[in-house]
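You asked for a short note on how this model is put together. The points below are meant to be read with the structure open.

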Number of protein chains: 2
Amino acid sequence: MNYQYWHRKVEIMPRPELEVFQLERLQALVDYALRTSFYAPKLRAAGIKGSDDIKSLDDLKRIPFTTKHDLREGFPYGFLSIPKEEVIRLHASSGTTGAPTTIYFNRDDITRWTGYVARSIYGTGCNHTDVFQNMISYGLFTGGMGFHAGGEEIGMLVIPSGSGNTTRQVRLMQDFGTTVVHATPSFLLHVESIMRAEGVSRDSIKLKRAFAGAEPYSEDTRRRIEELLQIDVYNSYGLSEMNGPGVAFECQCKNGLHLWEDGYIAEIINPDTLEPVPDGETGELVMTILCRETTPILRYRTRDLTGFYTEPCPCGRTHRRLRRITGRSDDMLIVNGVNIFPSQIEEVIMAMKDVGNNYLIEIEKDGVMDKLTVKTEIGPDIFMDDSRPLNALKERIRKTIQASITINPRVELHESGSLPVSEGKAKRVYDKRPR
Amino acid sequence: MNYQYWHRKVEIMPRPELEVFQLERLQALVDYALRTSFYAPKLRAAGIKGSDDIKSLDDLKRIPFTTKHDLREGFPYGFLSIPKEEVIRLHASSGTTGAPTTIYFNRDDITRWTGYVARSIYGTGCNHTDVFQNMISYGLFTGGMGFHAGGEEIGMLVIPSGSGNTTRQVRLMQDFGTTVVHATPSFLLHVESIMRAEGVSRDSIKLKRAFAGAEPYSEDTRRRIEELLQIDVYNSYGLSEMNGPGVAFECQCKNGLHLWEDGYIAEIINPDTLEPVPDGETGELVMTILCRETTPILRYRTRDLTGFYTEPCPCGRTHRRLRRITGRSDDMLIVNGVNIFPSQIEEVIMAMKDVGNNYLIEIEKDGVMDKLTVKTEIGPDIFMDDSRPLNALKERIRKTIQASITINPRVELHESGSLPVSEGKAKRVYDKRPR
Ligand SMILES: [Zn+2]
Ligand SMILES: [Zn+2]
């Protein structure tokens, strides 16, 4: 395969050189952090009064972790390192509870961010001849404008179609010969369902690739999307605290996400002991952003669980590869005392041919016990009329899930297309237990 | 007053020089137009085979008009002047009927467009210390991304809040000290109603200015918004065929919209005879875009009715000022044979103190006659309990509307906040007559 690099020099930079680069940026970043009301006292307490006190990358460990709670406490300006007048944009997470998390950018921050997204997109084999339909929400959410800018940077024709309106999305793909889309995995599955329901032939669209992110999904889901739509699906990883998209992205090898280490320092820790885990093991991802002056965030506990691949990637990039994010520590459900991740259930469902694209998980209280129900759709070619094969399918799903999570779920089969669909981030888990 | 100019030289350029500038750009534009499948045969038929055939601005008149219908017929690539691979973005109108209107941009087109929006915003007195909340839809619609880019260009802190979610919008204004917003006039009125309903004090927000556009509104509506929110409201005019925002904008004199004549050539024609109207008279605005290579559009019939002020503006800008757009020729309603514009009814309503912010117009068939009903809300300080003053108010509204449009309407009063609200472009007219 012929790999293409957007920032060739830095993407294949030998690691010792990359680490020198990281150290220089970290030193600069610490100076910015010292100008924020949140970090100034914390860094001084750790004996860090200026960039001179950072002599090696190991000195990062002297800095305490930053949590989501800290970001909320610092709202609105605790993490701002420059005068407000020099800021040109803010993005904010919707913040399910409490104050939103707000990130500020100056012009250089945006330029750098755009560069990382462009590098990510280009690395999947796209170029200026592609037509890129960005099927994700624009505005305060970083996914829309971040991917948009990256796509324009490499000269693709960008269609800012935004989220939702599936029928129109399909129409746009047909009208403009869209070759690549960005969406949540659940929306991609929904697009495919709508195409099938409306009799849109695969030949009428020119789609070749999709970037899928913003919610965790399993390898089986990826394969299902790839097979149904006959495209290549690339994993995208980002979070608004670290700019949004462009943090880590799969290359054409589709085997782990290169984390751009000239822009970020990543650590993997044991979320209980807060100690680093051995190379290659799974733990909580902790991130320091090196490519943003305006809102420095150091050692941020992402709550995302992952680990690094240890072997080098055939593509030649030296930036380490993250394993697929299987879930957030927040996503973990405790059902009758057992820790389970929704992704474990998704894996089972997406690997089964007779099961449709949509599913949801419900947990209720049944006396003192928790009751777990998994609702799935049956495949579009199966009919609800004959109950014998359906009962067999139900039993097969139940057994396979139980084998995976040790808990015996109740399984409900629903007709294809009958479960609720969210056009943005999918809501899969309904935890109805009283708090 | 101290006027500030973003592109000083061109904004106050003497008109003879400005016209030389226009001619040069028009010549270049004709060469681009000759590369499109729509214009090539039309221009050749008019004897225009290259820029040499445009010797003066008068030669523009040899080119036939372009209509909305032409744009739809040319869908998708009939107006594209460069190879598709060189396009980096498209915007599209939603297209209530038939194919959407699509406009393509290359990088230079976007840069120029951003410049016109920046110039417009800066001319209202904003600068890099402002906090700009862009309360309008992002994505395919040009209003969101167009204003966003212009705001960033002059270094304001831009909050890409998008349309809708009024309570959150108010919260963002409070949290970040928003000084200027962009919205439809109806949404601004809605924001004020919500603030009042939720007991948000004026002191808790720092708002100073609003840019209002995307739907026609009367001078009385402007005054009402200005008084209720204690801000300056500036008229914005744009249309997606001419890039979107940044076509014409009010300066700090708030008396007509400077149409940026280095980027556009405007003509005012009689929509029936298609002849130019005398200087200063009202007619249909016809526009030629000089600042976009990728999708040239010549002599586009906007269907917007307006005219130019003939006196120079005190701000010193030499670009002529459009009068407020009172309506589109499409908006005109024929009720029992009489031509009326919804704006005439709006003017009456917004000038009355006891009437609320929201209204709608309904037309039904009553036998062979048309029946016109105007539904308005009463002001928030009036109660529905006492019918005598309400009947008097109703009668006053009825008489004043009749005096304005000669038709006798039925008037319905509704409680404050009870008429339907659209969070984007307001839908005011419900024409229920069979077609
Ligand atoms: Zn690779
Ligand atoms: Zn002026």
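The numbered points go from the pairing of the chains to the domains and then to some local details.

1. Residue numbers start from 1 along each chain, and the remarks on single residues should be read with the predicted origin in mind.

2. Relation of the copies. How is chain A laid on chain B? A turn of 180° with a shift of 0.0 Å along the axis does it, and the RMSD is 0.1 Å. The two copies are therefore related as by a two-fold rotation axis. In chain A, the C-alpha nearest that axis belongs to A:Tyr138, at 3.0 Å from it. Both copies use the same surface, since 100% of the contact residues of chain A recur in chain B.

3. Extent of the chain interface. Chain A gives 38 residues to the contact and chain B gives 38 residues. About 3,200 Å² is buried between chain A and chain B, and carbon and sulfur atoms give 62% of that area. On the side of chain A that touches chain B, the residues divide into 20 nonpolar, 10 polar and eight charged.

4. Polar pairing between the chains. Between chain A and chain B there are 16 residue pairs in polar contact, both residues being at pLDDT 80 or more. The count of salt bridges between chain A and chain B is two. One of them joins the side chains of A:Arg89 and B:Glu152, at 2.5 Å from N to O. In general, side chains of opposite charge can pair when their charged atoms come close.

5. Elements at the chain interface. Which elements give two or more residues to the side of chain A that touches chain B? Three are strands of chain A: S1 (89-92), S2 (102-105) and S4 (157-159). The helices are H5 (107-122), H6 (142-153) and H7 (166-176) of chain A.

6. Domains of chain A. Domain 1 of chain A covers 1-330 and domain 2 covers 333-431. Their C-alpha centres lie 30 Å apart. The contact takes 25 residues from domain 1 of chain A and 18 residues from domain 2 of chain A.

7. How many salt bridges does the rule find across the interface of domain 1 of chain A and domain 2 of chain A? The count is zero, while nine residue pairs are in polar contact there, both residues being at pLDDT 80 or more. The area buried between the two domains of chain A is about 1,600 Å², with 48% given by carbon and sulfur atoms.

8. On the side of domain 1 of chain A that touches domain 2 of chain A, helix H8 (185-197), helix H9 (219-229) and strand S14 (327-328) each supply at least two residues. H8(A) gives the largest share, seven residues. By class, the residues on this side of domain 1 of chain A are seven nonpolar, 12 polar and six charged.

9. Cis peptide bonds. Where is A:Pro76 found? A:Pro76 sits in the loop between helix H4 (68-73) and S1 of chain A, and the peptide bond from A:Phe75 to A:Pro76 is cis, with omega near 0°. In chain B, a cis peptide bond joins B:Phe75 and B:Pro76, with omega about 0°. B:Pro76 is in the loop between helix H4 (68-73) and strand S1 (89-92) of chain B.

10. A positive phi. B:Leu274 is a residue other than glycine with a positive phi, near 65°. B:Leu274 lies in the loop between strand S10 (264-269) and strand S11 (283-289) of chain B.

11. Salt bridges overall. Over all chains the structure holds 65 salt bridges. A:Asp175 forms a salt bridge with A:Arg171, and the closest N and O atoms are 3.5 Å apart. Both A:Asp175 and A:Arg171 are in helix H7 of chain A, four residues apart, which is about one turn of the helix. Helix H7 of chain A is also among the elements on the side of chain A that touches chain B.

How values were computed
Chains are lettered from A and ligands numbered from 1 in the order in which they are written. This is a predicted model: local features need pLDDT of at least 70, side-chain atom pairs count only at pLDDT 80 or more; totals for chains, interfaces and linings use all residues. Side-chain values use heavy atoms; hydrogens and water are left out. Domain bounds come from an automatic or database domain assignment. Contact means heavy atoms within 4.5 Å. Buried area is the accessible area (1.4 Å probe) that two parts lose on being put together, summed over both. A salt bridge is a side-chain nitrogen of Lys or Arg within 4 Å of a carboxyl oxygen of Asp or Glu. A polar contact is a pair of N or O atoms within 3.5 Å; within protein, one must be able to donate a hydrogen and the other to accept it, and residues adjacent in sequence count only if both atoms are side-chain atoms. Ala, Val, Leu, Ile, Met, Phe, Trp, Tyr, Cys and Pro count as nonpolar, Asp, Glu, Lys and Arg as charged, and the others, Gly among them, as polar. Copies are superposed by least squares on the C-alpha atoms of residues with pLDDT of at least 70 in both.
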